[in-house]
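This report describes selected features of a protein model.

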Amino acid sequence: RDHCTSLEDHVQHLTKRISNLKNLISKSARRFQGPSMRLKDNKETTEINDNRYNYDKKSGQLTDTTDHPLNSTDFSFSNLSYHFHLLPFFAFHFEAFWGVETCEQKTPTMSGFLSSLESSGWLKHIRSILDTSNFIACAVDKGISVVVHCSDGWDRTAQVCSLAALILDPFYRTIKGFQALIEKDWLAFGHKFSERCGYIQTDPKEMSPVFTQFLDSTWQLVQQRCDAFEFNERFLLTLHDHVQSCQFGTFIGNCEKDRLDLRLSETTFSLWGYMANHINECQNIKGRFIYCVVENVRMIDRYNSKNASIGTLYLTATHLIFVDPEANKETWILHMHIATIDKLPLSTTGSPLLIRCKTFLSVTFVIPKERECHDVYVTLQKLCQPVHISSLYCFHYTSSNEDLPKTAGWDFFRLETEFKRMRVPNEDWSLCTLNTNYELCDTYPRHLYVPSEASTAVLMGSSRFRSKGRLPALTYLHSNRASICRCSQPLSGFSARCLEDEQMLEAIRKTNPNASYMYVISETNCELQQINAEMESVAVDWKSMRNVTVCSCSTPFDQFSRKNHCWKCGEVFCSRCIVRTVPLAGHNSGNPVPVCRSCFRAIQQTTP
């Protein structure tokens, strides 16, 4: 009886939660309501009829009335399609990146490698990014404008906007154009390179291979249509290596304002100037700044512990390099890839130094003298785990090429020039002067292009309504007048309304007279994760009492010992093993229910 009651209660609660989710999507649709509207996500299409609301800014309430200005014939959102693309949160990218570790095997086989790569989930993330980018590119190619947003608008938004432009515009598939694409969508519009790449000591939860996923997605496109790209795999690998090396100041900082405050164009070299002069060169040890050289070092990795290599260890400003002269082999370890450095107890052969990398490499260097080992350890700590951004190598790097000044490459890209190539500004799009001193949004570039119809009040209101002030701004304009705009999600969630923000979206839609509607791409997960967590908090399938004769504590069940179900795991226990009652999120009543001791301890550990 208890089993039936709990299951019925659980089913009713899930039905209510699904109904609430549908209501939430419906409310988000009404924010853009016009005479009729099509709301779409990845699973179903819902037609929503005419609903009219009035928004009181003081009380924040919506009331049924026909007096709201959004419902007038002069201002309406007709045929606006809202698409939810459930791209994973940036923290999940790092989990998948760590999952690739299973691809490294002692005796690798192709089938084992492919199986491990599939189970890591990395390729699923790449596929979801490419699917969303292709959807945006197809919409713009058909003449439909698109507005893209995620939480803060500088992780997943940067990925899909830049890839969609790469698919649409052949210019971005050249070396110069690809550099301009990175400057525009990643550097000018902002991306948290310092936190995502771990340049300095920061919260590990902020680290995520977002830019690496962009390069991997680009590589997938190059593999499919190599004839459409001027650059190849080596170009992408060189770019990825120098993003992580901190040798150049191009990717230091999180936005345009940060780079101006750090005076990077005056104190560091640009990666683009280096690549223009060294695009065909391979890396070598000669010419690098070397901190120390240690000979007769034994290198032991976790798969060849019995066959140690003996060679010379070079500690440079960007890499730890081990050269094995007998095998004619070099092992390069980038400082930014080093996760931990541990000094192991002194042995008869020397002083071991264990290095674990973020790239899943784990290697031990046995250095003959303890003093030399200590010097390498202290120097590596400073190089791979800098506390302040000014400690990065780019601020101390001096080029060996006397003909390459520090100013080379910094004037490679100008945002105004790139938009002029797209014939912007024009009658539909104009330059916004409100962000000249980064007053409107300090993580956006000072040169923003917005609809000409949007007034100052509309821009200010939309900026206040969006997270971190990142209002919808133009990032790409197609020759057919369809556009790609990017922004962050509303601060108040989808159920709230802002008149100025809706006027801003309507102004963007009007810039494309060739289409009667536009798409709004949302990359958030709504309440799906919350519903999944609530479903996992309760037991749906309870174990049958009929076949259970003994409790887990070895107490036999008889006429004097009653059987009880744990409402969280569904197992059968005696009365002594179920002594606690706690409320579970998956039960609609909210009343405390009996749980076993192990489930109670698990709940106590996860409850803040």
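Is Arg481 buried, partly exposed or exposed? Arg481 is partly exposed, because its relative accessible area is 29%; the class buried means under 20% relative accessible area, exposed over 50%, and partly exposed in between, with a 1.4 Å probe and protein chains only. The model is predicted: local features need pLDDT of at least 70, side-chain atom pairs count only at pLDDT 80 or more, and totals for chains, interfaces and linings use all residues. Residues are numbered from 1 along each chain as its sequence is written, and side-chain values use heavy atoms, with hydrogens and water left out.

**Salt bridges**

Side chains of opposite charge can pair when their charged atoms come close. The structure holds 19 salt bridges, each defined as a side-chain nitrogen of Lys or Arg within 4 Å of a carboxyl oxygen of Asp or Glu.

| Pair | N to O distance |
|---|---|
| Arg356 and Asp342 | 3.0 Å |
| Arg371 and Asp375 | 3.8 Å |
| Glu427 and Arg481 | 3.5 Å |

Helices (H or I, at least four residues) and strands (E, at least two) are DSSP runs, numbered from the N terminus. Glu427 counts as exposed because its relative accessible area is 66%.

Arg356 belongs to strand β12 and Asp342 to strand β11, so this pair connects parts that are 14 residues apart in sequence. Arg356 is partly exposed at 38% relative accessibility, and Asp342 is partly exposed at 31%.

Arg371 and Asp375 both lie in helix α13, four residues apart, or about one turn of the helix. Arg371 is exposed, with a relative accessible area of 57%, whereas Asp375 is partly exposed at 34%.

A network of salt bridges links Asp155, Lys192, Arg196 and Glu206.

**The annotated position**

An unreviewed UniProt entry lists Cys150 under "active site"; UniProt positions are given in the numbering used here, feature names are shortened, and annotations may be inferred rather than shown by experiment. Cys150 lies in strand β6 (residues 146-150) and is buried, since its relative accessibility is 2%.

**The seven-stranded sheet**

Seven strands form an open sheet in the order β10-β9-β8-β7-β13-β12-β11, with antiparallel pairing; two strands pair if DSSP finds at least two bridges between them. Its edge strands, β10 (329-334) and β11 (338-343), each pair on one side only. Strand β9 (residues 319-324) pairs with β10 in the antiparallel sense over six bridges, and Ile321 has Trp332 in β10 as its bridge partner.
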